[in-house]
Amino acid sequence: MGTLKNQPKHPIYYKKFPKLNYITPVIILIVLLVGIIGTLIYNTTNFYSTLQENTENYTNSETSHMALNISSRMKMRQKHIQNLADTFSIIPKSQLTPELLKRKTYYFDMTSIFIVASDGSTIPEDQELGSLKNYLHNHPNLYFQPKIFVTNKDEVFFSAPIKHKDGDTSILVGSRSKTKIQEMLQNVAFKGQVYCSIADSSGSIIIPSTDDNSLQKLDNIFSGNVQGRDAEEAQKMLSDIGLQNSGAVQFDNITKEKIIIGYGSLDINDWMLFTIV
């Protein structure tokens with residue numbers, strides 16, 4: 001058994017590594033700081049990711065509700081025209097006067113209501129058809145079924161066939177200015193906080209937004225003039241539109257600021273409502 005003199009002493013007495021007492025706490029502190037910073041970065045990234053997802057979901061939901069609202073209003077006007085055409089079909093042609101149509105125009109808050117006969121004549125006689133004449137010629141189905149449509153005029157048209165007792169068929173047409181439709185869009189648009197427009201599935205603008213810049217943003221997406229992550233989001237959006245599905249996507253580089261575009265089907269032709277937040 002060794003003597004007390006030969007027994008090993010506690011390392012503190014040797015003091016062979018005096019700096020170890022200082023380095024160890026520093027290393028522990030650095031590890032803790034790295035862990036805290038990493039946690040903060042993860043939580044911040046996760047927060048913004050969740051915030052973006054919630055914003056997109058909200059935009060999608062609100063856009064879908066707006067699309068349903070706008071669709072219902074437009075279909076209601078179409079129904080008014082259709083019911084009026086049914087009424088006109090059972091009364092004598094001699095009673096279908098410009099004065100009657102004028103009263104109905106005021107009553108239904110339309111820009112104009114007129115009749116186009118199968119021979120191309122109109123009531124009122126001085127009704128200017130313009131590009132509508134060619135549209136009617138290229139779409140003879142309008143003499144058989146109701147439709148909402150646009151030409152290159154600054155109006156939206158609502159039409160329905162009038163099947164007269166003598167076997168002849170005319171078309172009752174009601175028009176509403178695109179300015180009025182724009183006002184309707186903004187009135188239901190997140191209390192006026194976003195820009196809205198209506199376009200078809202190919203990107204052709206039906207009702208433009210009151211903001212010209214928003215039209216350029218849509219054009220960039222439909223023309224494929226986007227890059228990086230924005231191109232992936234654009235592809236998702238175009239795929240949804242082709243299927244008439246609703247959705248919302250965020251674009252980071254189309255403008256100087258990030259924007260979210262919501263889209264929803266109007267269930268009218270292939271028209272879609274677009275909202276830009």
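Tyr107, with 63% relative accessibility, counts as exposed, where exposed means over 50% relative accessible area, buried under 20%, and partly exposed in between, using a 1.4 Å probe and protein chains only. Phe108, by contrast, counts as buried because its relative accessibility is 15%. The model in which these residues stand is predicted, so that local features need pLDDT of at least 70 and side-chain atom pairs count only at pLDDT 80 or more, while totals for chains, interfaces and linings use all residues. Residues are numbered from 1 along each chain as its sequence is written, and side-chain values use heavy atoms, with hydrogens and water left out.

The structure holds 4 aromatic pairs; rings of Phe, Tyr and Trp (its six-membered ring) pair if their centres lie within 6.5 Å, and planes under 30 degrees apart count as stacked, over 60 as edge-to-face and the rest as tilted. Tyr107 and Phe108 form an edge-to-face pair, because their ring centres are 5.0 Å apart and their planes stand at 80°. The rings of Phe149 and Phe157 are stacked, since their centres lie 5.4 Å apart and their planes meet at 25°. Both Phe149 and Phe157 are buried, and together with Tyr135 they form one aromatic cluster.

The protein has 7 helices and 10 strands; helices (H or I, at least four residues) and strands (E, at least two) are DSSP runs, numbered from the N terminus. Of its 277 residues, 39% count as buried. The protein exposes about 16900 Å², of which carbon and sulfur atoms supply 55%; accessible areas come from the Shrake-Rupley method with a 1.4 Å probe, and for residues only the protein chains shown count as cover. Among contacts (heavy atoms within 4.5 Å) with a separation of 6 or more, 53% join residues 24 or more positions apart.

S4 and strand S5 (residues 169–177) run antiparallel and are joined by 9 bridges. Pro161 has Ile171 in S5 as its bridge partner. In the loop between S2 and H4 is Pro124, and the peptide bond from Ile123 to Pro124 is cis, with omega near 0°.

The interior comes next. In soluble globular proteins, nonpolar side chains tend to be buried together. A nonpolar core is a set of buried Ala, Val, Leu, Ile, Met, Phe, Trp, Tyr and Cys residues joined through side-chain atoms within 4.5 Å. The largest such core has 35 residues, and those with the most contacts inside it are Ile70, Met74, Phe88, Leu172, Ile198, Trp271 and Leu273. H2 gives the most to this core, with 8 residues. Leaving aside neighbours within four places in sequence, Ile70 is in contact with Met184, Leu185, Val188, Ile198, Leu266 and Leu273. Another core, of 17 residues, lies apart from the largest one and has Ala199, Phe222, Met272 and Phe274 among its members.

Further strands pair towards the end of the numbering. Strand S9 (residues 259–265) is mostly covered, with 6 of its 7 residues buried. Strand S8 (residues 247–251) runs antiparallel to S9, and 5 bridges join them; Gly247 has Tyr263 in S9 as its bridge partner. S9 also pairs with strand S10 (residues 272–276) in the antiparallel sense over 5 bridges, and Gly264 stands opposite Leu273 in S10.

The hairpin of S9 and S10 has 6 residues between the strands. Most residues other than glycine have a negative phi, and most peptide bonds are trans. Asp267, in the loop between S9 and S10, has a positive phi of about 60° although it is not a glycine. Asn269 lies in the loop between S9 and S10, and its phi is a positive value near 50°. Asp267 counts as exposed because its relative accessibility is 56%, whereas Asn269, at 41%, counts as partly exposed.

Notes
Pairing = 2+ DSSP bridges.
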